[in-house]
Amino acid sequence: VATQSADYDATKAHDVTATILKQHPDLCGIPGTWDGQDVGTAAAIKEAGLTGKVYLVTSGGGRQAAACDYIENGSYSAYVSYDGKGQGRDLVNTVLMLLQDSSTAGSHPFGTYTPLRILTKETLTPGSCWTVEDVKANGS
């Protein structure tokens, strides 16, 4: 139907989505880009009375308020979590490994992967998302 940029701005995402939904009231899905932007997309879908009818998929780091809360209330249909907390852990481990490696730079190429998780109402568990309070209390 359209490819529109919202510049990672929730207000722009709202306005673009509202316009598209008026032009295409039979739209069945929107692939979002990022949860911070797609809160505007979800709001436009809700205002149009299309929550549950327009499938919205977005992505982000998996913070409770930005991911699981929106899945639970039906604003997001699915969420691709790249696990921001896990990426931080993996980055720290990579730096520690590099600091301890005395070999010539570039002689041992490697990759660090943090698996993506697809979150939906059906796959949510109490540990699917994280909060800042959890990280402060548990360190992970």
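Asp83 is buried, at 18% relative accessible area (buried is under 20%, exposed over 50%, partly exposed in between; 1.4 Å probe, protein chains only). This is a predicted model, where local features need pLDDT of at least 70, side-chain atom pairs count only at pLDDT 80 or more, and totals for chains, interfaces and linings use all residues. Residues are numbered from 1 along each chain as its sequence is written, and side-chain values use heavy atoms, without hydrogens and water.

**Backbone**
- Asp83 has a positive phi near 55° and is not glycine.
- Asp83 sits in the loop between strand E3 (78–81) and helix H4 (84–100) (DSSP runs numbered from the N terminus: helices H or I, at least four residues; strands E, at least two).
- Asp7 also has a positive phi, near 55°.
- Asp7 lies in the segment before helix H1 (10–23) and is partly exposed at 49%.

**Aromatic rings**
- The whole structure holds three aromatic pairs (Phe, Tyr or six-membered Trp rings with centres within 6.5 Å; planes under 30 degrees apart are stacked, over 60 edge-to-face, the rest tilted).
- Tyr70 and Tyr76 are stacked, with centres 5.0 Å apart and planes at 25°.
- Tyr70 is partly exposed at 25%, whereas Tyr76 is buried at 2%.
- Tyr70, Tyr76 and Tyr79 make up one aromatic cluster.

**Cavity**
- One cavity reaches 30 Å³ or more (on a 1 Å grid over the protein atoms alone, a set of points where a 1.4 Å probe fits but cannot get out; lining residues have an atom within 4 Å of a point; volume is the space filled by probe spheres set on the points, which are joined across faces, edges and corners).
- The largest cavity holds about 50 Å³.
- Its lining includes Ala42, Ile45, Thr51 and Ser77.

How values were computed: On a 1 Å grid over the protein atoms alone, a cavity is a set of points where a 1.4 Å probe fits but cannot get out, and a pocket is an open set with protein on both sides within 12 Å along at least five of seven lines; lining residues have an atom within 4 Å of a point.
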